[in-house]
Amino acid sequence: AVDKYFNDTSKTFEQCLEEADSYRLRIVLSANMAYEEDFLNWFAHSSDSGLLDERVRVVLYAEDENMFNVYANSTQMEVKKSWEVGRTKWNDASLSGGGRFSYSEEKSGFGQLVSRRGSVLVEEIKLAKMEEERLLFMDLDVMLLGDPRSFFCGNFDLWGQDASSFVTGPFNSGFLAMRPTPRMIATLEIWRGLLESQKEAGSNQKLFNDAVRNATSTLGLHSKILPRQLFPAGRHVHSKKFKTCLGPQVIHGANLIAYHNNWCSEARKCHKTERARKLGLWKPVER
């Protein structure tokens, strides 16, 4: 499957490595104070993977004042206030960092945070174009075990993780790499429009894929799903068919590039931090 992936890019792996060395990257992520430890865990994995080198700019969107105040003067990243992003009705400066949001909070909290992603990424991809960068958006629960840049290769506008869902997929909206092409910018603008048209917050991933399908048929958007064997989702941890993710010994010996610790909620009797610890993937750095 991995060989087929690189064959589809019309480049060899060595040529993709060369391409990865040729561009600068803007990484965008968001966090409120309740997720600070998750952010520090993300930072540890991203640093150890070799991703955070001199060609990478990290942009953190703080989701509350506490997170902004703690990291505003950082020399390792740009920090912005998420609730001040332009052209979205989902801004809310009153969101508190006192709790961890869940997928059930569609009318406030988590739903509002993900509903302004379209507006955030429209702004950031335009900045990436001005700065001649590519754009990578990551959820905090994406844990890098290798440098992913060689997989963002070939004549594509978009690369993303397999959502492992027929309902909201095929792309997982929490791990997306993009070139700032006119087609990709237009796709994000379509997504933003869909999010803004909703009566209630949430459903950002399904609407992202609706935007991708729209742009593919009308604009000729070129997109590529990353190989599941190297970029697995959390649901595969318990899958007997997906041997790569059955436990920490297998995970660390499988040369995975990124493990997305999703498909985990209290309704599934699953806690993300606990599962990451069991898999040997919980190692937050000091602030």
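**Notebook: salt bridges, a sheet and a helix**

I began with Asp21, which counts as exposed because its relative accessibility is 55%, over the 50% cut-off. A reminder to myself: I am working with a predicted model.

**Entry 1: the partner of Asp21**

Which residue forms a salt bridge with Asp21? I found Arg55, with the closest N and O atoms 3.6 Å apart. The pair connects distant parts of the chain, 34 residues apart. Arg55 sits in the loop between helix 3 and strand 2, while Asp21 sits in the loop between helix 2 (13-20) and strand 1.

**Entry 2: other salt bridges**

How many salt bridges does a search of the whole structure find? The search gives 25.

One of them joins the side chains of Glu19 and Lys11, at 2.6 Å from N to O.

I then turned to Arg57 and Glu131, whose side chains meet in a salt bridge of 3.8 Å, N to O. Here, too, distant parts of the chain are linked: Arg57 belongs to strand 2 and Glu131 to the loop between helix 6 (117-130) and strand 4, 74 residues apart. Arg57 is partly exposed at 23% relative accessibility, and Glu131 is partly exposed at 34%.

In what order do the seven strands of the open sheet lie? I read 3-2-1-4-7-6-8, with mixed pairing. Strand 3 (78-81) and strand 8 (223-225) are the edge strands, as each pairs on one side only. From one strand to the next, the twist averages 25°.

I looked at one pairing in detail. Strand 6 (residues 158-162) runs parallel to strand 8, and they pair over three bridges. Gly160 has Ile225 of strand 8 as its bridge partner. Helix 8 (residues 204-219) packs on the sheet and touches strand 6, strand 7 (171-178) and strand 8. The direction of helix 8 makes about 50° with that of strand 7.

**Entry 3: helix 3**

I checked the length of helix 3 (residues 36-48). At 1.5 Å a residue, its 13 residues should span 18 Å, and the end C-alpha atoms are 18 Å apart, so the two agree.

Is helix 3 mostly covered or mostly open? Mostly covered, I noted: ten of its 13 residues are buried. Among them are Phe39, Leu40, Trp42 and Phe43, along with Glu36 and Asp38. The buried residues pack against strand 1 (24-31), strand 2 (56-62), helix 4 (65-71), strand 4 (133-138) and strand 5 (142-144). Just after helix 3, I spotted Gly50 with a positive phi of about 90°.

**Entry 4: Glu63**

Where is Glu63 found? I located this residue in the loop between strand 2 and helix 4. Glu63 counts as buried because its relative accessible area is 3%.

Note on methods:
Residues are numbered from 1 along each chain as its sequence is written. This is a predicted model: local features need pLDDT of at least 70, side-chain atom pairs count only at pLDDT 80 or more; totals for chains, interfaces and linings use all residues. Side-chain values use heavy atoms; hydrogens and water are left out. Helices (H or I, at least four residues) and strands (E, at least two) are DSSP runs, numbered from the N terminus. The expected span of a helix is 1.5 Å times one less than its number of residues. Buried means under 20% relative accessible area, exposed over 50%, partly exposed in between (1.4 Å probe, protein chains only). Contact means heavy atoms within 4.5 Å. A salt bridge is a side-chain nitrogen of Lys or Arg within 4 Å of a carboxyl oxygen of Asp or Glu. Two strands pair if DSSP finds at least two bridges between them. Axes are lines fitted to C-alpha atoms, for helices over the stretch in contact, and angles run from 0 to 180 degrees between N-to-C directions.
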